Amino acid sequence: MFGYPLMVKSKRLAYDGRGNAVAHNKEELSSVVSSLGGFEHGLYVERWTPFAKELSVIVARSRDGCTVCYPVVETIHKDNICHVVEAPAQIPEKMKKLATSVAEKAIKSLEGAGVFAVELFLTNDNQALLNEVAPRPHNSGHHTIEACYTSQYEQHLRAILGLPLGDPAMKAPAAIMYNILGEDEGDSGFVLAHQLIKRALNIPGASVHWYAKPEIRKQRKMGHITIVGPSMFDVKAHLDRLLQRDTDGPKKVRPRAAVIMGSDSDLPIMKDAAAILEKFNIPFEV
């Protein structure tokens, strides 16, 4: 029915890309099923979804059914693990409203009070497709500790205790969350992570969260760093500095032009100006 490629998933204990496998054709199907523990393990399939971006919306629902939504963020993955979260997502306002609407409808179909993370796919034809719902504070909401008036953790407690829900709005114009993933095993992995943390302490607007896990493994989430600033251009530049990326090139220098709007509703028109500046390699900020 779905054709290929086909996404095959384990029903239980699947996270961060584990328990997922892709069969690109019928011949690969048996090896994919075996790699996930066989049919008896409990598997299901999903239609393959080509997407332009991965988005997330943190939705909080109180015990009396009231809901509030945090601004839509973009999640950028590395080896199926959330690596970077950009807040707010750099997408048109119309798509933000659509993603928020889908997220709210998803939560209204479920029971329970607290914080829910709704993961979505943004397709090339401007659809927002529901991917996954996590009924808990979530990696894609860690930036809310520094970037929002009410963190996802405070919001979760407010929701389940029957207290008024807090303001989910961002108190900083832009934020970026970077997951500290294990780069090596054992002591050398800790050394690399601590070197990254040391650099973060010299970055304006950066906050370090270290989870104090006793063991480090490759790709294991060991902590995260959140950087807040006046624009996405600024926080991305700070992230480049943190990661010691080469900052040469037209897109890495300070912006020479600004695209300024009276409101978000101007973006559909003004994004054409941004596209022209990009075409001519003129660094800019929006």
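**Exercise 1. Work out whether Cys-69 is buried or exposed, and how many disulfides there are.**

Start with Cys-69: its relative accessibility is 18%, and buried means under 20% relative accessible area, exposed over 50%, partly exposed in between (1.4 Å probe, protein chains only). So Cys-69 counts as buried. Cys-66, with a relative accessible area of 43%, is partly exposed. Next, check the sulfurs. A disulfide is a pair of cysteine sulfur atoms within 2.5 Å. For Cys-69, the closest cysteine sulfur is the one in Cys-66, 12 Å away, which is too far for a bond. The count by this rule is zero disulfides.

A word on the ground rules: residues are numbered from 1 along each chain as its sequence is written, and side-chain values use heavy atoms, leaving out hydrogens and water. The model is predicted, so local features need pLDDT of at least 70 and side-chain atom pairs count only at pLDDT 80 or more, while totals for chains, interfaces and linings use all residues.

**Exercise 2. Find which residues of helix α4 are buried, and what covers them.**

First, locate the helix: α4 spans residues 152-161. Helices (H or I, at least four residues) and strands (E, at least two) are DSSP runs, numbered from the N terminus. Within α4, the buried residues are Gln-152, Gln-155 and Ala-159. Now look down the axis: these buried residues fall within an arc of 55°, so they line one face of the helix. That arc is taken over the directions from the helix axis to the C-beta atoms. Finally, the cover includes β4 (53-61), β5 (67-69), β8 (114-122) and α3 (144-147).

**Exercise 3. Describe the order and pairing of the three-stranded open sheet.**

The order is β2-β1-β3, and the pairing is antiparallel. Two strands pair if DSSP finds at least two bridges between them. β2 (20-23) and β3 (43-47) are the edge strands, each pairing on one side only. Between β1 (residues 6-10) and β3 there are five bridges, and Met-7 stands opposite Glu-46 in β3.

**Exercise 4. Pick out where the backbone has cis peptide bonds or a positive phi at a non-glycine residue.**

As background, most residues other than glycine have a negative phi, and most peptide bonds are trans. Take the cis bonds: one joins Tyr-4 and Pro-5, with omega about 0°, and another runs from Ala-87 to Pro-88, with omega near -5°. Pro-5 is in the segment before β1, whereas Pro-88 sits in the loop between β7 and α2 (93-108). On to phi: Leu-13 has a positive value of about 60°, and Asn-126 one of about 65°. Leu-13, in the loop between β1 and β2, is exposed at 81% relative accessible area. Asn-126, in the loop between β8 and β9 (128-134), is partly exposed at 43%.

Definitions and conventions:
Contact = heavy atoms within 4.5 Å.
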